[in-house]
Amino acid sequence: TGGEPLDRDKMAWLSRMRRDQLERLIEIGLVEQRRISSTLPIEDHLEAWQRSVAAKGRTRRHIDGAFKRASAVLAAVGARRWADIESHEIETWLAEQTGTEGWSMSTHNRYAQSVKQFCRWMVDHEHAIVDPLRSLKLRSAGTGTARRKRRALPPHECRARIQAAEASTVAIHGVLPATRRPRSRPPAPTG
């Protein structure tokens with residue numbers, strides 16, 4: 001291919017080829033390995049990413065969670081191959097989940113981070129040339145709608161919480177009730 005990017009028609013043509021035909025094109029030097037990675041099913045890349053993350057010693061919970069979230073995002077936008085990943089589609093889908101499903105900002109960001117990490121891995125490991133999600137930003141506290149408005153506690157609720165803390169016999173983070181009583185009266189109007 002001489003180093004120039006393949007156009008969509010050539011990518012589509014390559015994506016319809018059998019695996020053995022693609023391997024033969026690579027073997028004889030007509031197509032570079034990194035050029036055809038984008039034609040492989042996205043599941044193949046996700047599984048390779050999952051194995052790579054596991055090899056770094058991450059916990060099973062972290063690995064499974066990141067894989068599940070990235071897979072869910074890509075499936076939801078219909079990305080079956082690397083070339084199908086569009087930043088604006090993922091951004092729109094994530095925003096819809098935050099609005100209709102009631103996702104919190106942190107859930108939104110976990111899904112966005114997982115799929116962004118997958119895309120960065122693809123580029124870093126030379127399975128792809130460009131990260132299609134390089135422009136996808138995480139949400140900050142000032143973005144979107146707040147889940148709860150902060151408010152000062154009414155005096156009766158404030159008194160009830162202080163009384164409950166003072167009456168407690170349970171150690172919290174190793175601090176006994178008698179020790180924390182002097183600190184159990186925070187300045188209430190600060191919100």
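Student: Where does Lys116 lie?
Tutor: Lys116 lies in helix H7; helices here are DSSP runs (H or I, at least four residues), numbered from the N terminus. This is a predicted model, where local features need pLDDT of at least 70, side-chain atom pairs count only at pLDDT 80 or more, and totals for chains, interfaces and linings use all residues. Residues are numbered from 1 along each chain as its sequence is written, and side-chain values use heavy atoms, leaving out hydrogens and water.

Student: Is Lys116 buried or exposed?
Tutor: Lys116 is buried, and buried means under 20% relative accessible area, with exposed over 50% and partly exposed in between (1.4 Å probe, protein chains only). Lys116 has no salt bridge, meaning a side-chain nitrogen of Lys or Arg within 4 Å of a carboxyl oxygen of Asp or Glu.

Student: What is the nearest side chain of opposite charge to Lys116?
Tutor: That is Asp131, 5.6 Å away. For charges, Lys and Arg count as positive and Asp and Glu as negative, while His and the chain ends are not counted.

Student: OK, how many salt bridges does the count come to?
Tutor: The count comes to two salt bridges. Glu27 and Arg24 meet in one, at 2.8 Å from N to O, and Asp64 pairs with Arg60, their closest N and O atoms being 2.9 Å apart.

Student: Why are Glu27 and Arg24 separated by about one helical turn?
Tutor: Because they are three residues apart in helix H2 (residues 19-27). Glu27 is exposed at 61% relative accessible area, whereas Arg24 is partly exposed at 44%.

Student: New topic! How many aromatic pairs are there?
Tutor: A search of the whole structure finds four. Rings of Phe, Tyr and Trp (its six-membered ring) pair if their centres lie within 6.5 Å; planes under 30 degrees apart count as stacked, over 60 as edge-to-face and the rest as tilted. One of the pairs is Trp82 with Phe118, edge-to-face, with 6.1 Å centre to centre and 70 degrees between the planes.

Student: Are Trp82 and Phe118 buried or exposed?
Tutor: Trp82 is buried, at 8% relative accessible area, and Phe118 is buried too, at 0%. Together with Trp49, they form one aromatic cluster.

Student: And at what angle do H4 and H7 pack?
Tutor: Helix H4 (residues 42-55) and H7 pack at about 90 degrees, with their axes 10 Å apart. Axes are lines fitted to C-alpha atoms, for helices over the stretch in contact, and angles run from 0 to 180 degrees between N-to-C directions.

Methods: Helices (H or I, at least four residues) and strands (E, at least two) are DSSP runs, numbered from the N terminus.
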